[in-house]
Amino acid sequence: METKISSSIEEAADLLNRGQLVAIPTETVYGLAANALDKTAVVEIFNAKQRPSFDPLIVHIGNKSDVNRYASHIPINAQKLMDSFWPGPLTVVLPKQNCIPDEVTSGLDTVGIRMPNHSLTLQLLSKLDFPLAAPSANPFGYISPTTSQHVFDQLQNRIPMILDGGSCDIGVESTIVGFEGELPIVYRLGGLTLEDIRNVCGEIKVEVNSSSDPKAPGMLKSHYAPTKPLKIISSNHNFNDLTNHSALIVFGDFEKTTHAQLFNLSPIGNYKEAASNLFSFLRKLDTDDNVKEIFAVLLPSINLGIAINDRLSRAAHQD
Ligand code: TXA
Ligand code: MG
């Protein structure tokens with residue numbers, strides 16, 4: 001099957017209406033989409049990504065009010081978060097309605113739902129009679145794609161179409177929030193910061209490291225990983241140790257001397273810029289023959305630095 005890269009919403013809608021897969025742009029990362037209400041189409045997503053069936057998919061909707069069709073209960077804090085941050089990088093995990101097939105939720109009785117903030121994908125959703133189930137459009141465990149070319153590099157000939165919406169504005173995945181009663185529980189750090197969630201809801205709980213917990217299987221410690229070794233090093237490291245076969249990922253002002261090839265996520269220390277560069281840098285270094293190992297210095301643990309550090313740490317984890 002030849003993979004077409006195109007910006008035609010009509011073609012994308014036509015393929016999706018026929019139960020086929022289309023990679024779609026969002027503000028976070030590209031997703032690999034199918035009709036979320038069609039079991040057979042959803043199973044094809046797992047095949048194309050080689051994703052284990054225990055890892056549930058996020059359902060993407062085009063209107064805030066559609067959440068009522070797919071969730072059976074909405075805590076007040078969930079409603080406040082959706083009102084404040086949709087469309088945007090927030091996924092809410094809510095008890096599901098029966099119309100959402102078990103294939104989407106890996107048999108859980110909850111479903112992750114989000115309204116993405118990308119004009120092409122919102123236009124596409126407005127043309128469809130169904131929501132789109134979509135994980136990130138990368139082979140399972142690898143770095144998420146932030147351009148149509150990234151998707152093409154890995155999924156060419158496995159899917160009929162990539163809807164080209166340019167490069168993703170945010171560059172890390174959505175923040176995933178579930179609820180215990182009214183208490184928001186953050187299952188995955190992402191493009192919406194903890195500060196933003198606290199400002200709306202007050203107290204929150206962060207439970208992102210439960211790699212063995214089947215409730216958040218996407219949070220396996222080793223994830224988002226390049227094939228080359230990646231090591232986290234402290235900012236006090238003697239950087240002169242590193243050879244010119246190494247790449248060093250840093251952030252902000254960096255004046256140390258080193259033989260390593262330097263990749264600065266944002267020389268001016270802008271967290272948003274750093275997030276949008278992270279996955280492209282990792283992909284570029286992973287395919288560059290002059291780079292044998294990758295080193296990274298963590299960012300200050302504030303703002304999007306928290307999600308970026310989470311991704312770097314998981315990329316560094318070996319098992
Ligand atoms: O930004 C994003 O969220 C992107 C774009 C395409 O929307 N999607 C994405 O999907 O990152 P994916 O499949 O790579 O990650 C989805 C994760 C799962 O691995 C799981 O941890 C969590 O969402 N998830 C989905 N449904 C869940 C549920 N019912 N309960 C708990 N976690 C859930
Ligand atoms: Mg993913």
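This is a predicted model: local features need pLDDT of at least 70, side-chain atom pairs count only at pLDDT 80 or more; totals for chains, interfaces and linings use all residues.
View 1. The side chain of K4 forms a salt bridge with E11, and the closest N and O atoms of the pair are 2.7 Å apart. E11 likewise counts as partly exposed, at 31% relative accessibility. A search of the whole structure finds 13 salt bridges, and several of them are taken up in the views that follow.

**View 2. The salt bridge between K96 and D102.** K96 forms a salt bridge with D102, in which the closest N and O atoms are 4.0 Å apart. Is K96 buried or exposed? With a relative accessible area of 16%, K96 is buried, because this value lies under the 20% cut-off.

View 3. The side chains of K205 and E207 meet in a salt bridge, with 3.6 Å from N to O. K205 counts as partly exposed at 32% relative accessibility, and E207 is also partly exposed, with a relative accessible area of 27%. N209 is placed in the loop between β11 (205-206) and β12 (230-232). With a relative accessible area of 52%, N209 is exposed, because this value is over the 50% cut-off. Although N209 and R188 are 21 residues apart in sequence, their C-alpha atoms are 8.7 Å apart in space.

View 4. The protein chain is divided into domain 1, which covers residues 4-206, and domain 2, which covers residues 230-316. The C-alpha centres of these two domains lie 28 Å apart. Where the domains touch, 22 residues of domain 1 are in contact with 16 residues of domain 2. The size of an interface is often given as the accessible area lost when the parts come together. Between domain 1 and domain 2 the buried area is about 1,600 Å², and carbon and sulfur atoms give 57% of this area. Which three residues supply more than any other three of the area that domain 1 buries against domain 2? They are I143, V172 and L189, which supply 33% of that area.

**View 5. Salt bridges and polar contacts between the domains.** The count between domain 1 and domain 2 is 2 salt bridges, and 9 residue pairs, both residues of each at pLDDT 80 or more, are in polar contact between the domains. On the side of domain 1 that touches domain 2, α7 (148-155) and α8 (194-201) each supply at least two residues. Sorted by class, this side of domain 1 has 9 nonpolar, 9 polar and 4 charged residues.

View 6. Which residues are linked in a network of salt bridges? The network links E173, D310, R311 and R314.

Definitions and conventions
Residues are numbered from 1 along each chain as its sequence is written. Chains are lettered from A and ligands numbered from 1 in the order in which they are written. Side-chain values use heavy atoms; hydrogens and water are left out. Domain bounds come from an automatic or database domain assignment. Contact means heavy atoms within 4.5 Å. Buried area is the accessible area (1.4 Å probe) that two parts lose on being put together, summed over both. A polar contact is a pair of N or O atoms within 3.5 Å; within protein, one must be able to donate a hydrogen and the other to accept it, and residues adjacent in sequence count only if both atoms are side-chain atoms. Helices (H or I, at least four residues) and strands (E, at least two) are DSSP runs, numbered from the N terminus. Ala, Val, Leu, Ile, Met, Phe, Trp, Tyr, Cys and Pro count as nonpolar, Asp, Glu, Lys and Arg as charged, and the others, Gly among them, as polar. Buried means under 20% relative accessible area, exposed over 50%, partly exposed in between (1.4 Å probe, protein chains only).
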